[in-house]
Amino acid sequence: MRFDIITIFPDFFAGPFDYGILKRARTTGLVQIETHDLRSFTHDRHRTVDDRPFGGGEGMVLKAQPIYEAMQSLNISPKISRDRSKETVILLSAQGQPFTQSVAHELSATERVVILCGRYEGVDERVNELFCDREISIGDYVLSGGELAAAVVLDAVMRLVPGVLGNEASSEFESFGAGDAAITSSVDVEGVPRSQHGAGGLLDYPHYTRPAEFRGAAVPDVLMGGDHAAVRKWRREQQLRKTLRNRPDLLEGAALSDWDRKVLERLRAEMLS
Ligand code: SAM
């Protein structure tokens, strides 16, 4: 998979992908990341990429012309004449659609992703209309530029590219992992979902490692007892508890068994008392 990032700060990306699994993904060639300095596509002495907004108002706007030339240099045609199944052009924008794990999954199935990082007040809207397949926001807040957002999107997408994580399945076992329909049909005698997913559309359960006691705080007994069924039950309840407390909105789309629903009822009652 290849990423092309168009930015006025290409050096920004020298660090974020030089660590851990993302570095390994690059060095093994599973993922290629190229940065492109927008200023290289200007033709004036000052290498001007921005100009004042038509209609007045605060700030500056990234001009269409250098971005157009950057797209041309990458062989990216306007979207009406491009095979959009193989390549996707993304504009990072606070006004974009929310970036979620399912968007990351969709993007990870694409051969090439071109990311345009805005700055100042943003990008001339005609660039968006001409080239961009998706306008993506990483959250309801305003950053100074698209570079940090690009790093977030790349990180989340890269780790879903087949082969990047050591264990192919491990992204399925994380928060926001596959909304696992099979989970409801795979329950044990008590109706507890059989899979130890940290997922199924719920948040992950809490994790602990040695020592068993740290400054007076002990690891929950159930994790030390070796009873796998009890561990699975406890973890599932923790997933439900955490999702109910921190992200109740996720419960609507989660794959829940009857056992889950009963636990949720109890947890809701506990919260109210
Ligand atoms: N005037 C814009 C607005 O009010 O929506 C904010 C522009 S912001 C200062 C500059 C650039 O940062 C944007 O063009 C975009 O590329 C990036 N950016 C800011 N917030 C973002 C977010 N939440 N998600 C993705 N990109 C963001």
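The model is predicted, and in it five strands form an open sheet in the order 2-1-6-5-7, with parallel pairing. I then checked the edges. Strand 2 and strand 7 (134-137) sit there with a single partner strand each, so one side of each has no neighbour in the sheet.

Next I took one pair. Strand 5 and strand 6 run parallel and are joined by five bridges. I noted that Glu87 has Arg112 in strand 6 as its bridge partner.

**Helix 2**

Which residues of helix 2 (residues 64-73) are buried? I found Pro66, Ile67, Ala70 and Met71. Seen down the helix axis, the buried residues of helix 2 fall within an arc of 140°, so they line one face. The general rule is 3.6 residues a turn in an α-helix, so residues three or four places apart point the same way.

I asked what this face packs against. The buried residues of helix 2 pack against strands 1 (2-7), 2 (32-37), 4 (61-62) and 6 (112-116), and against helix 4 (125-131). Just after helix 2, I noted a positive phi of about 60° at Asn75.

**Ligand shell**

I listed 20 residues around the ligand. The closest are Ala94, Gly118, Leu143, Gly146 and Ala149. Strand 5 (87-98) and helix 5 (146-158) are the elements that give two or more residues to this shell. Strand 5 gives the most, with four. By class, I noted nine nonpolar, nine polar and two charged residues in the shell.

Definitions and conventions: Residues numbered from 1 in each chain as written. Predicted model: local features only at pLDDT ≥ 70, side-chain atom pairs only at ≥ 80, totals over all residues. Buried ≥ 20, exposed ≤ 12 C-beta atoms within 10 Å, placed from the backbone. Arc of directions from axis to C-beta. Contact = placed C-beta atoms within 7 Å. Near = placed C-beta within 6 Å. Nonpolar A, V, L, I, M, F, W, Y, C, P; charged D, E, K, R; others polar. Pairing = 2+ DSSP bridges.
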